[in-house]
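Please consider the structure shown below, with attention to the ligand and to the pockets of the protein.

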Amino acid sequence: MRIIQCHSTQEAVQTVADLTLERLLSRPSSVIGLATGRTMEGVYAAWTKRALGEGIDHSSCFFFMLDEYLGLPDGHRCSFKSYIQERLLRPLSLREDQIAFPPVHGTSHADSAKHYEISIQESGGVDLQLLGIGQNGHIGFNEPGSAGNSRTRVVELTESTINANKSEFGEEKMPTQALSMGIGTILEAKNLLMLATGKSKAEVIKYLLNHHDDPNCPATFLKSHPHFTLVLDPDAGSKINLNI
Ligand code: F6R
C-alpha cells in the first residue's frame with residue numbers, strides 16, 4: 001500500500017486527477033473504474049480542466065461505474081449516471097459507448113449484476129479503479145459486513161450512509177438500496193486509487209491503517225492488493241502518524 005499525504009485538498013484532488021491522466025496518456029485504451037461522491041467532485045474538475053487544456057485524447061478509453069442507486073428513474077438528478085454525465089462525459093465529449101453503468105433498470109437484478117461482471121471481464125478488466133471511502137469504511141456501496149470476495153450485487157445501504165447522503169435528495173426520500181461492484185470485483189482491478197479528504201474521514205483512515213481484512217471496515221480488504229494507492233489531504237490524514 002502506498003500512501004501519498006498532500007499539503008492541501010486541492011493538491012490531493014490534483015494528484016488523483018494527474019495519476020489517472022498519466023495512465024491514460026501512457027495507455028490511451030485503459031479501462032477506468034469511476035467512483036462518485038463529494039470527494040470525487042474535485043477530481044473530475046481537475047481532470048477535465050487539465051485534459052481540455054492539454055487536449056488529451058480520451059477517444060479509446062473505456063469506463064465502468066462502480067455503483068448506482070436502485071429505484072431512481074433514469075435521468076434522476078441524484079443518480080450516479082447524471083453525476084458522471086455532468087462532471088466527466090459532457091465536459092470531455094465522451095461517447096455513450098465509452099461507458100458502462102450498473103444496469104439498475106432491468107427486471108432481474110441478479111441477472112443484471114452477472115451481466116455487469118461479464119462486461120468487466122470481457123473488457124479485459126479494470127486497469128485503474130478510482131475509489132472514495134465512506135465514514136463507515138464502505139467502498140463502492142459495500143457496507144460493513146460485506147465479504148471480501150463479494151461480487152456485483154444488490155446492497156442495502158446503512159443508516160450511516162443514508163445520513164451522509166440524504167441531503168443530496170432534499171425533500172425526496174433517498175433510495176435504501178444500490179447495485180454495487182463487490183469487494184472481490186474491485187480487488188480484480190489492476191490498480192486501486194483511493195482519495196480521502198476532510199476531517200469526517202480522519203477516523204476511518206486511522207482504522208484502515210491499523211486493521212486488515214476486517215469486514216467491519218470493508219476498505220481494509222484493499223490492503224492486500226499489490227497496487228493500492230491512498231491519497232490523503234491534511235484533514236483526512238490528521239489522526240495518523242507516518243513517521244516511518
Ligand atoms: C460512490 C462511492 C462511495 C463514496 C463514499 C464517499 O460511487 O463509491 O463509496 O466514495 O460514500 O462519499 P463522499 O465522497 O461523498 O464522502
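Helices (H or I, at least four residues) and strands (E, at least two) are DSSP runs, numbered from the N terminus. The model is predicted, so local features need pLDDT of at least 70 and side-chain atom pairs count only at pLDDT 80 or more, while totals for chains, interfaces and linings use all residues. Residues are numbered from 1 along each chain as its sequence is written, and side-chain values use heavy atoms, with hydrogens and water left out.

A pocket is an open set of points on a 1 Å grid over the protein atoms alone, with protein on both sides within 12 Å along at least five of seven lines; its lining residues have an atom within 4 Å of a point. The largest pocket holds about 740 Å³ of space, a volume being the space filled by probe spheres set on the points. Its lining comprises 34 residues, with Thr36, Gly37, Arg38, Thr39 and Asn165 nearest the centre. Helix H2 (38-54), strand S4 (67-69), helix H3 (80-89) and helix H5 (159-165) each contribute at least two residues to this lining.

The ligand sits in the largest pocket, in that more than half of its atoms lie within 2 Å of the grid points. Around the ligand are 13 residues, each with a heavy atom within 4 Å of it; the closest are Thr39, Asp67, His138, Gly140 and Lys201.

Terms used: 1 Å grid on protein atoms, 1.4 Å probe; cavity = no way out; pocket = protein on both sides within 12 Å on 5 of 7 lines; lining within 4 Å.
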